[in-house]
Amino acid sequence: MRWTHSTRIDAPSDVVWRLTTDVEAWPATTPTMQSVQRLDDGPLRVGSRARIKQPAQAEAVWTVSRIEPGHEFSWQSRRRGLLLTGTHTVTADGPGCHNTLALDATGPLAVPLGLLLGAAFRRALRTENSGFKAAAERQVSGAA
């Protein structure tokens, strides 16, 4: 199952990319993240890991599985009967950009999980994108 949300952000793609890859700062950007702790140092890269606590969920470790610097990264977390893949894509569009968030669930529990929590996943993606949009546009306007 797959859920996505895309929004136009009136900020350069490099500003949004910096916000996207500064994962430890996400709790200040969106209420969908209570805490994010990097488990390694340096720039985000394939194999980078972070421990994430989200409301109403158990803590989970996410591992970067793919990265195209400046444009996209995906990371994954395994749970019983489930593989979750989160993808963050920033696409330049003139002076602004489009930010697309996607969550894919695969495995034996993907369909039941999707039926049960699909609406909550869509809402979380909208909320996260709204947070990235507000933070990026604040930075560009100088109100950061």
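Modeller: Buried means under 20% relative accessible area, exposed over 50%, and partly exposed in between (1.4 Å probe, protein chains only). This is a predicted model, where local features need pLDDT of at least 70, side-chain atom pairs count only at pLDDT 80 or more, and totals for chains, interfaces and linings use all residues. Residues are numbered from 1 along each chain as its sequence is written, and side-chain values use heavy atoms, with hydrogens and water left out.

Colleague: How many salt bridges are there?

Modeller: A salt bridge needs a side-chain nitrogen of Lys or Arg within 4 Å of a carboxyl oxygen of Asp or Glu. By this rule the count is seven.

Colleague: Are R38 and D40 buried or exposed?

Modeller: Their side chains meet in a salt bridge, 2.4 Å from N to O. As for accessibility, R38 and D40 are both buried.

Colleague: Which residue forms a salt bridge with E72?

Modeller: E72 has 14% relative accessibility, so E72 counts as buried. The closest N and O atoms are 2.2 Å apart, and the partner is R66.

Colleague: How many residues apart in sequence are R8 and D93?

Modeller: The two side chains form a salt bridge, 3.6 Å from N to O. R8 lies in strand β1 (residues 2-9) and D93 in strand β6 (residues 82-93); strands are DSSP runs (E, at least two residues), numbered from the N terminus. The pair therefore ties together parts whose separation in sequence is 85 residues.

Colleague: What is the relative accessibility of D93?

Modeller: R8, its salt-bridge partner, is partly exposed at 31%. D93 also counts as partly exposed, and its relative accessibility is 33%.

Notes
Helices (H or I, at least four residues) and strands (E, at least two) are DSSP runs, numbered from the N terminus.
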